[in-house]
Amino acid sequence: MNHKVKIFIFNTVLALLAVVFSGCGKTQTYAEMLKQESESIDKFLSYGGRFTAPIPSNVDEILATGDRLHVSNTVPFYELSNGVYMQPVNKGNGTKITTTSPNNKVAFRFLRINLNTWASNPYEIEMFSNTNGGVGNYYYSDIKDYYFFYDPVYTASSSQYYTYGMGIEYPLAYLTDESACYLVIPSQMGFSDGVSSVVPYLYYVEYYIISK
């Protein structure tokens, strides 16, 4: 093998290694992360026979699954604002959560699952599973540590200025005190400390009016 051929092979190998290592170390752009988020949400909402639907014109026709342990494929994920989807589990005790005291301070329990991680290897979700269930404050002794004052300012631009984002408040336009639901919340409508990471979550949430 002559000297020129050896140099050609050597340079080719170096070029291939550069491509491999540059690919391994590549950081996603913001646009790529948004695309991944959208794909993860779409995969979840169509997995296992799940489906979406608009909110009925008669809100009394909103269905609830009655099953907090599993995501249903017989009740839709209702389309709310700004890419948030809700599947009611329990519509509550009938006491409306309002924007005025004393019915505006709302405590909540939650568990959540990273939908980007889920989408990479989909499985049947059991939110309360000890092995691959959700994480959150659900088992905390005092849920009053997590609360917000209900304020239905349904704008994506303001969401990041709320500690828990606006997405978690959206269901309260249709549910009442002591209600529960599953929620798909994109990053821009989720917890403020996670907006920049562009991670969508599936939440299980329970709501409770609390006194000041």
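A polar contact is taken here as a pair of N or O atoms within 3.5 Å, where, within protein, one atom must be able to donate a hydrogen and the other to accept it, and residues adjacent in sequence count only if both atoms are side-chain atoms. The model is a predicted one, in which local features need pLDDT of at least 70 and side-chain atom pairs count only at pLDDT 80 or more, while totals for chains, interfaces and linings use all residues. Residues are numbered from 1 along each chain as its sequence is written, and side-chain values use heavy atoms, with hydrogens and water left out.

Under the polar-contact criterion, the side chains of Y203 and R112 are joined at 2.8 Å. Y203 lies in strand β7, where helices (H or I, at least four residues) and strands (E, at least two) are DSSP runs numbered from the N terminus. With a relative accessibility of 1%, Y203 counts as buried, the classes being buried under 20% relative accessible area, exposed over 50% and partly exposed in between, for a 1.4 Å probe and protein chains only. Contacts (heavy atoms within 4.5 Å) link Y203 to F110, L111, R112, M127, C181, Y182, L183, I185 and F191, residues up to four places away in sequence not being counted. One of these, M127, is 76 residues from Y203 in sequence, yet the two C-alpha atoms are 8.7 Å apart.

Rings of Phe, Tyr and Trp (its six-membered ring) are paired if their centres lie within 6.5 Å, with planes under 30 degrees apart counted as stacked, over 60 as edge-to-face and the rest as tilted. By this rule there are 21 aromatic pairs. Y201 and Y203 form an edge-to-face pair, because their ring centres are 6.0 Å apart and their planes meet at 65°. Both tyrosines belong to one aromatic cluster, together with F108, F110, Y140, Y146, F148, Y164 and F191. The charged end of R112 sits over the ring of Y201, 3.9 Å from its centre, a charge being so assigned if NZ of Lys or CZ of Arg is within 6 Å of the ring centre and within 35 degrees of the ring normal.

The buried residues of helix α2 are M33, E37, S40, I41, F44 and L45. They cover an arc of only 125° around the axis, which puts them on the same side of α2, the arc being that of the directions from the helix axis to the C-beta atoms. On the other side of α2, A31 and K35 are exposed. Among the elements covering the buried residues are β1 (52-54), β6 (180-185) and β7 (201-209).
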